[in-house]
Amino acid sequence: SKDHVTTKMLVEQVVRETSLSAGDLSNAIITMGTIICDILKRGHSVDLGDLGSLRIVVPPRMIDKEEDVTAASLKTPTTGMKAHEAFIPVVFVGYNG
């Protein structure tokens with residue numbers, strides 16, 4: 001969709017506005033992604049400064065008996081991102097639902 005910004009598009013814009021090379025920036029993004037995944041797998045949250053924070057979220061599921069709670073009974077974990085307060089007004093400007 002026209003509203004979707006790819007990594008390549010993001011890299012091109014950052015390269016235009018900084019002294020970073022596309023190769024260096026792409027490598028940094030890939031490396032950061034790998035490191036963030038490793039940190040999340042260890043059960044830690046990741047603070048991304050002004051961007052916000054990432055953490056693993058296990059959606060709740062009501063189970064009547066404690067002994068019925070197993071790894072198989074849990075919902076699939078997802079990655080949750082909490083946007084930094086500074087992004088909230090920016091994100092919702094022009095939001096169409």
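## Strand pairing

Strands S2 and S3 pair in the antiparallel sense over 6 bridges; two strands count as paired if DSSP finds at least two bridges between them. Helices (H or I, at least four residues) and strands (E, at least two) are DSSP runs, numbered from the N terminus. This is a predicted model, in which local features need pLDDT of at least 70 and side-chain atom pairs count only at pLDDT 80 or more, while totals for chains, interfaces and linings use all residues. Residues are numbered from 1 along each chain as its sequence is written, and side-chain values use heavy atoms, with hydrogens and water left out.

S1 and S2 also run antiparallel, joined by 2 bridges.

## Bridge partners and the hairpin

Ser53 has bridge partners in two strands: Lys82 in S3 and Asp47 in S1. Val57 has Thr78 of S3 as its bridge partner.

The hairpin of S1 and S2 has 4 residues between the strands. Within this hairpin, Gly49 takes a positive phi near 60°.

## Surface patches

The loop between S2 (52-57) and S3 (78-83) holds Asp64. This residue counts as exposed because its relative accessibility is 82%, where buried means under 20% relative accessible area, exposed over 50% and partly exposed in between (1.4 Å probe, protein chains only). Asp64 gathers with Glu66, Glu67 and Asp68 in a surface patch of negative charge. Patches are made of residues with over 30% relative accessible area and no salt bridge, with like charges joined within 9 Å and nonpolar side chains (Val, Leu, Ile, Met, Phe, Trp, Tyr) within 5 Å. A salt bridge is a side-chain nitrogen of Lys or Arg within 4 Å of a carboxyl oxygen of Asp or Glu.

Val58 is also found in the loop between S2 and S3. With a relative accessible area of 44%, Val58 is partly exposed. Together with Ile56, Val69 and Leu74, Val58 forms a nonpolar surface patch of about 320 Å² of accessible area, by the Shrake-Rupley method with a 1.4 Å probe.

## Helix H1

Thr7 lies in helix H1 (residues 7-17). Its relative accessible area is 48%, so Thr7 is partly exposed. Thr7 and Ser26 are 19 residues apart in sequence, and their C-alpha atoms are 8.4 Å apart in space.

Conventions
Lys and Arg count as positive and Asp and Glu as negative; His and the chain ends are not counted. The place of a charge is taken as NZ of Lys, CZ of Arg, CG of Asp or CD of Glu.
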